[in-house]
Amino acid sequence: MAKVIFTQVRLPLFSIKHPEAFQVMSAIPFPQPSSLIGALAYCLGIMRGIGTKAYDIVLKMVEKGEILAARARPLGVPGESKLPLTPSSVILRRFRVADKAHETKRKKERKPIVRLMEAIKGDDMMSARRILEVELTDAFYREYLMGFDLICAWVFHGAEIDPNLLWLMPRLGDTESLCSVIRVWQEGVELESSGKVDTCFPAPSEGVQRVEGSFMLMRICDEQRIMRPFIIPCEYTIEKGPRGKYPVVRPSIVTIEYDHPVSYCRTSMGNIVLRGI
């Protein structure tokens, strides 16, 4: 017997960068497994007061098979008309005042934060702007998605985890991707095995022979931060709105046929293919 802990998470504006993106960080439509493992570790670190040491604990749970999967998908029943996810017009550029402004390349060189404060105090806005936009601008630009609710799931086997710790999750994605946890619950499940699985959650694509339904094929990081190809069940379409056309992402369900039996579990939110393929 295994158990699945679910959270319903509200993310009005979020960004989880594609792991292979560079400079302009294009966002993937849903949190990848490694992002969910990081969110779980954050909550555990806060609850136990151990900080970043919690990530090592959670990673060992993955390695020992105590965490069998971490998956996320949009809330909604595939095929029904629900509020979709869509790329946002927000593209974030950061100013690295908290770290880079306190560093120097040479000895006895004045730190940028000192020169910035002097420029502001002296009402020299041109110098202050030059320090911010030339010296302290982050090289990365980040894309954001607008959405509503996601369903996140962690599958545990042989590990005792208090579901209530997930109420402590403040964000899911980059620093600005603040979220609200709307609901937390758990279900007991039996582990099953089959060469053909229906699912609406992302699933590893190694050994896939056939896929029916709408999906995206994407390389993302699994629970151990290893890049693997995943099947992402979703409908990606261009829809017409009051002010023009825009891309939208809606949930879908796919039927995956593997060349060997894979482990999965049945839940009220859909079948979840486990990581041990």
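**View 1. An open sheet of 3 strands, ordered S10-S13-S12, is paired in the antiparallel sense.** Strand S10 (203-204) and S12 lie at the edges with a single partner strand each, so one side of each has no neighbour in the sheet. Strands (E, at least two residues) and helices (H or I, at least four) are DSSP runs numbered from the N terminus, and two strands count as paired if DSSP finds at least two bridges between them. The model is predicted: local features need pLDDT of at least 70 and side-chain atom pairs count only at pLDDT 80 or more, whereas totals for chains, interfaces and linings use all residues. Residues are numbered from 1 along each chain as its sequence is written, and side-chain values use heavy atoms, with hydrogens and water left out.

View 2. Between S12 and S13 the antiparallel pairing extends over 7 bridges, with Met218 opposite Phe230 in S13. S13 is mostly covered, as 5 of its 7 residues are buried, where buried means under 20% relative accessible area, exposed over 50% and partly exposed in between (1.4 Å probe, protein chains only).

**View 3. Helix H1 packs its buried residues against a helix and several strands.** H1 has 16 residues and reaches 23 Å from its first C-alpha to its last, close to the 22 Å expected at 1.5 Å a residue, the expected span being 1.5 Å times one less than the number of residues. Among the buried residues of H1 are Pro33, Leu36, Ile37, Leu40 and Leu44. The buried residues of H1 pack against helix H2 (53-63) and strands S4 (67-74), S7 (149-156), S12 (215-221) and S13 (227-233), with contact meaning heavy atoms within 4.5 Å. Just after H1, Gly49 takes a positive phi of about 70°.

**View 4. The largest pocket has a volume of about 550 Å³.** Of the 20 residues that line the largest pocket, Ser34, Ser35, Gly38, Arg171 and Gly173 are the closest to its centre. Helix H1 (residues 33-48) supplies the largest share of this lining, 6 residues, and the lining residues of the largest pocket divide into 9 nonpolar, 6 polar and 5 charged. On a 1 Å grid over the protein atoms alone, a pocket is an open set of points where a 1.4 Å probe fits, with protein on both sides within 12 Å along at least five of seven lines, and lining residues have an atom within 4 Å of a point. Grid points are joined across faces, edges and corners, and a volume is the space filled by probe spheres set on the points.

**View 5. The second largest pocket holds about 220 Å³ of space.** Its lining includes Lys100, Glu103, Lys105, Arg110 and Pro112. The lining residues of the second largest pocket divide into 1 nonpolar, 1 polar and 7 charged; Asp, Glu, Lys and Arg count as charged, Ala, Val, Leu, Ile, Met, Phe, Trp, Tyr, Cys and Pro as nonpolar, and the others, Gly among them, as polar.
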